[in-house]
Amino acid sequence: EFMQAFWDIEEAQAKSIQHLASFVRDKSALPYLLTLTELISFAMKTHVDSLKLQGDGCSLLLEILSQALEQNVVMALDENVTSSLLETVRKHSENEELLSLVCTLLMMISASEVGAENLRKAGVIPDLLSILRNFLHNEKICLSCCGVLWSLAASQNNVDQALLKSAVPVTSAVLQEHLQNGIVAESACSALWALSLQGCLTENEYEPTTVLLLDALRMNPERPVLVKNACLALASLLRLSEIAALRFVMDSKGSGINLIKDAYHLHFDDPEAVENICVLTNEMVQYDDVVLDMLSQKMEELLSEIKIRFSSS
């Protein structure tokens, strides 16, 4: 009531948000806090110029969402919250610390189908790409933005194809920049896989993207999620292009076949990882030159082992 009565007074809204933040660690307060997300975002939208209020508001929303996740409470923030956050992004587009907070929130929101749809309607993709270009060095921002891109590209909703295509070079730049950071590389591989499935890569992007995904596998072989997503992204590229397939087996840093074999030996007890390796292998065999390489590197032995190990699958 206090927030609604004094909605136009910045100090009143700031003190209210700080007061609410004091309850956030009390798990029993979560149902009450969940009803206030719109009021918090309205305060942020009304006083969008106030950097302090934006930061405190984002931190509070992040705490509430995190608590909801911990307690398995399903919540979908409505369009008003989404549009408020995007206003914050646009008003404070050069504030790296605040953007890091907002992007984490956007990633959490995009995890639900309703949230992803609200973000799509609000036109979030150009904002994400602008943030990534400006803060390519920031691991947390890159992780979050690629997570949102993955959610949008993987959703069944009608996302603008031209916008998604413009995300490919930026996502590739993220992967190139953070190849040695497993968690960011994982997120970028997921986004590239979803973008490739949507047919967003141009013919000129097939080969360099293949090389990049091989580098990601080479540098992070121990990460199961990255292996799964990189294999699916590569399978999608090989399905489309013989040039990608030839690059896969003739990469200057070493054949992709060896990387697949290594990935299998590291993750043979993970059925999903093995399945995705098989999906990739299935795309490889459509090209005669690739089959010759597979035979020369005794790939049939690996496939026989998989067939025996997973005979019931």
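Start with α5 (51-70) and α7 (96-110), each of which supplies at least two residues of the lining of the largest pocket. Helices here are DSSP runs of H or I with at least four residues, numbered from the N terminus. The model is predicted, with local features needing pLDDT of at least 70 and side-chain atom pairs pLDDT 80 or more, while totals for chains, interfaces and linings use all residues. Residues are numbered from 1 along each chain as its sequence is written, and side-chain values use heavy atoms, without hydrogens and water.

Next, select Leu65, Leu69, Met75, Met108 and Ala111, which lie nearest the centre of the largest pocket among its 15 lining residues. A pocket is an open set of points on a 1 Å grid over the protein atoms alone, where a 1.4 Å probe fits, with protein on both sides within 12 Å along at least five of seven lines; lining residues have an atom within 4 Å of a point. The volume is about 320 Å³, and the lining has 12 nonpolar, 3 polar and no charged residues.

Move to the second largest pocket, of about 220 Å³. Its lining includes Met107, Trp150, Glu186, Trp193 and Asn229. α10 (139-154), α12 (182-197) and α14 (224-240) each give two or more residues to this lining, and α12 has the largest share, 5 residues.

Finally, select α6 (residues 79-91), whose 13 residues reach 18 Å from first C-alpha to last.

Notes. Points joined across faces, edges and corners; volume = space filled by probe spheres on them. Nonpolar A, V, L, I, M, F, W, Y, C, P; charged D, E, K, R; others polar. Expected span 1.5 Å × (residues − 1).
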